[in-house]
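Subject: The structure we talked about

Hi,

Here is the structure I promised to pass on. Have a look at it in your viewer first, then read my notes below.

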Amino acid sequence: LFAGDFHFIWASPSIETLPPMAGVEIAFAGRSNVGKSSLINALTGRNALARTSSTPGRTQELIFFDGPAQAGLRLVDMPGYGYAAASKAKVASWTTLIHKYLEGRSNLARVYVLIDARHGLKDVDLDVLKTLDRSAVSYQVVLTKADQIKKSELEGRITDVRTSLATHPAAFPEVLATSSEKSEGIPELRAAMVRLLEE
Ligand code: GDP
């Protein structure tokens, strides 16, 4: 499934231009620069499937990638949020786009919310978790850049995040730690995605 057969199918800047629902969707959300593009590329084995962002907060689009034919898996790269220079209007348009997408997407199996292992959950992340709770979409936190902190710190970070998640009704309690750089946690995340497909 993850042997490099993923390809771009569609970019959607607004709710009116979403592709029709097909297969199972798994979406990825996170603050700008959290390592979302790197993770999608690591998962799919493609170096430049998702463009890594040198300009944070560029076009706000939902980007759809299809897996191999017959597999029925579609990945959705959600626009990054939380960059410092974002205007209130941009934050509002992000929230509207995401909220509308989440509301109508019955084939969305899970949203992976990426959190930088060094920083943990910030206020802006908690706002996004609230949006997800309101939409009752199953989501799970995935820590990124785990290679950047010591193992002991990582354990503490996972415990802290798990504790915060306990008050979020739509959150999956388990927290995954990944490093795209070192390919750590990638097989585990792929396995979790395959289980979602089989559900
Ligand atoms: P995005 O804005 O969320 O798509 O983030 P990118 O994937 O573009 O990554 C942002 C920066 O973090 C880039 O400089 C990446 O090289 C770096 N980065 C991403 N993943 C990792 C990782 O697992 N480990 C380390 N050390 N750096 C990473």
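What follows is a walk through the fold, from the whole chain down to a few single residues.

First of all, please keep in mind that this is a predicted model.

**The big picture**

The chain has five helices and seven strands. Of the 199 residues, 34% count as buried. Here's one I liked: among the contacts with a separation of 6 or more, 77% are between residues 24 or more positions apart.

**The sheet**

In what order do the seven strands sit in the sheet? They go β1-β3-β4-β2-β5-β6-β7, in an open sheet with mixed pairing. The edges are β1 (7-12) and β7 (176-177), each of which pairs on one side only.

Now zoom in on β5, which covers residues 108-116. Strands β5 and β6 pair in the parallel sense over six bridges, and you can find Leu114 standing opposite Val142 of β6. On to the next pair: β6 and β7 are parallel too, with two bridges between them. There, Leu143 has Ala177 in β7 as its bridge partner.

Helix α1 lies across β2, β4 (73-77), β5 and β6, and runs at about 145 degrees to β2. Helix α4 (residues 151-165) packs on the sheet too, where it touches β5, β6 and β7. The direction of α4 makes about 160 degrees with that of β6.

**The inside**

Which residues touch the most other members of the largest nonpolar core? They are Ala27, Phe28, Ala29, Val113, Leu114 and Leu143, out of 45 residues in that core. Several elements supply at least two core residues each, including β2, α1, α2 (88-104) and α3. The largest share comes from β5, with six residues.

Leaving aside residues up to four places away in sequence, Ala29 touches Met78, Val111, Val113, Leu114 and Val128. Strand β6 is also mostly covered, with five of its six residues buried.

Most residues other than glycine have a negative phi. With that in mind, look at two residues that go the other way. Asn33 is not a glycine, yet its phi is positive, about 80 degrees. You'll find Asn33 in the loop between β2 (24-30) and α1 (36-44). Ala136 is not a glycine either, and its phi is positive at about 55 degrees. Ala136 belongs to the loop between α3 (123-135) and β6 (139-144).

Are these two buried or exposed? Asn33 has 18 other C-beta atoms within 10 Å, so it is partly exposed; a residue would need 20 or more to count as buried. Ala136 has 10 C-beta neighbours inside 10 Å and therefore counts as exposed, as the limit for that is 12 or fewer.

One last stop is Ser14, in the loop between β1 and β2. Ser14 has 13 C-beta neighbours inside 10 Å, so it counts as partly exposed. The C-alpha atoms of Ser14 and Asp116 are separated by 27 Å, and the two residues are 102 residues apart along the chain.

That's the tour. Send me your questions once you've had a look.

Cheers

Definitions and conventions
Residues are numbered from 1 along each chain as its sequence is written. This is a predicted model: local features need pLDDT of at least 70, side-chain atom pairs count only at pLDDT 80 or more; totals for chains, interfaces and linings use all residues. Helices (H or I, at least four residues) and strands (E, at least two) are DSSP runs, numbered from the N terminus. Two residues are in contact if their C-beta atoms, placed from the backbone, lie within 7 Å. Two strands pair if DSSP finds at least two bridges between them. Axes are lines fitted to C-alpha atoms, for helices over the stretch in contact, and angles run from 0 to 180 degrees between N-to-C directions. A nonpolar core is a set of buried Ala, Val, Leu, Ile, Met, Phe, Trp, Tyr and Cys residues joined through C-beta atoms within 7 Å.
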